[in-house]
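Welcome! Have a look at the structure first, and then we can walk through it together.

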Amino acid sequence: MNAVTSLRHHAKDPSVPGDLGWWGVLPPLKFSGGRWWLPLSDRALTTLTSAMLDRDAAGSDRMELITSASSVRIGEVAATLRRDPPLLMFALAHWSGGQFVAATDLAQWLIESSCDLFSGGEWLLAAPRITAIDQRRWSRLMSRCWRLQPSEWVDQARDWLEVLGPEVPEDWLRTWPSILWDDPDQDDVPLRGSMLLQSLAERQLQRSAIDGAFSEVLERRNRESAQQLAYGLSHEINNPLANISARAQQLQQGEADPQRAQSLAQIVQQVYRAHEMIAGLMFYANPPEPNPDAVDLNAVVRDAVDDFAEQAEEQEIQIELEPFSGPATVQADRAMVLEAVRVLIRNAVEAVGEAGTVVVTLRPAEFPDPSEPSGRSDPSGHSGPWEIRVADSGPGLDPQAARHAFDPFYSGREAGRGLGLGLCRAYRIAALHDATIELSAGLAGCVARLVLR
């Protein structure tokens, strides 16, 4: 890999075009067991990259490729061959179509063969180390060739090849074809470097969009399959759990040893915990239909906060409630919405652990603009949507964890954030109500938002 590093060296001779610097080496030329390396210039790099992009866009059909490359692209490659001795020698050494070749035919062949010539990376591993002396020799050779006609460059091939290779067999050079310059000799052919960058950027954006769409479809199908699996396993696992719980409770009733009785009680407790987890999976996989009605969100958030008052006091956690000052009503299933809010508060309390703060806020998600004729400056007349916000002072979470916070099958849970099955229930409840729910990093912890319309 050293051959493609530290190669940038512009010739000092003013007769050499300033845009030709050395960026690496071309794939080796092979003949009768020998191997020779030619340098890769700025001009060749830009031209070949453009040609490969055109080929990639056109596909494998040759006629489509020729149409796509067009005479403009072929002309650019031919112009590069006229101005880049190493690339011309590289192409002539590979040509196998006869003793004579037109410049445009050689350019078209180079466009069609570029991906095949450069796709394999093993030649880079075998590339020799390029020294400053090698670069200076290339620069002197470039200066010499620039004073000659392109048709005379083949006579200089031996000197180019022996910079990074053994002595060149004379019979090999005689197999090289003669080139007929049928392209117009233009004084200035732009390299189109800016257009090349734009094309690369557009291609990357297209591929990113395709990858994103594919990932979304794949993730949705995986989630659907996982939901079906979870629903089936839930039924199978609940039966042995019920037997374990029943046997443990039966043994607990007649147990006189306090330690054994405590152990049996822990078994029952853990069975109930596993049952709750499975119930969460079943709800995620196959939730019931909601029964919508008019729901007072102020009352919902108060009830949810009250459910955790005792636990918060034991853990020295301060739960602050900021209800809305006026009526806040939505059409929803009250039990489901209450469960979703309880999940968010429970997640916050568990994340804080002890000696922290949880703030629960109910507020309009979108305040009307008072500058508009129909807008109201008093938010108490707001009719929706509503945002229930739960902020905590516990450990924050990174974007990756936030993205998968509601995925029951994601294994990269952050410490202090639980198994996430409750969050999955909240996610499903939000989906059933055409609501949105999200977790994000806050100033000192995590912020959960449930927006109901």
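Helix H11 (residues 297-307) packs against helix H13 at an angle of about 45°, and their axes are 9 Å apart. Axes here are lines fitted to C-alpha atoms, for helices over the stretch in contact, with angles from 0 to 180 degrees between N-to-C directions. This is a predicted model, where local features need pLDDT of at least 70 and side-chain atom pairs count only at pLDDT 80 or more, while totals for chains, interfaces and linings use all residues. Residues are numbered from 1 along each chain as its sequence is written, and side-chain values use heavy atoms, leaving out hydrogens and water.

- Residues in contact (heavy atoms within 4.5 Å) include Leu297 and Val300 of H11 and Leu338 and Ile345 of H13.

**The sheet**
- Five strands form an open, mixed sheet in the order E8-E10-E11-E13-E12; two strands pair if DSSP finds at least two bridges between them.
- Strands E8 (318-322) and E12 (436-441) stand at the edges with a single partner strand each, so one side of each has no neighbour in the sheet.
- Helices (H or I, at least four residues) and strands (E, at least two) are DSSP runs, numbered from the N terminus.
- E10 (residues 357-364) and E11 (residues 386-392) run antiparallel, joined by seven bridges.
- Pro364 stands opposite Trp386 in E11.

**Helix over sheet**
- H13 (residues 334-352) lies across E8, E10, E11, E12 and E13 (446-452), at about 20° to E11.
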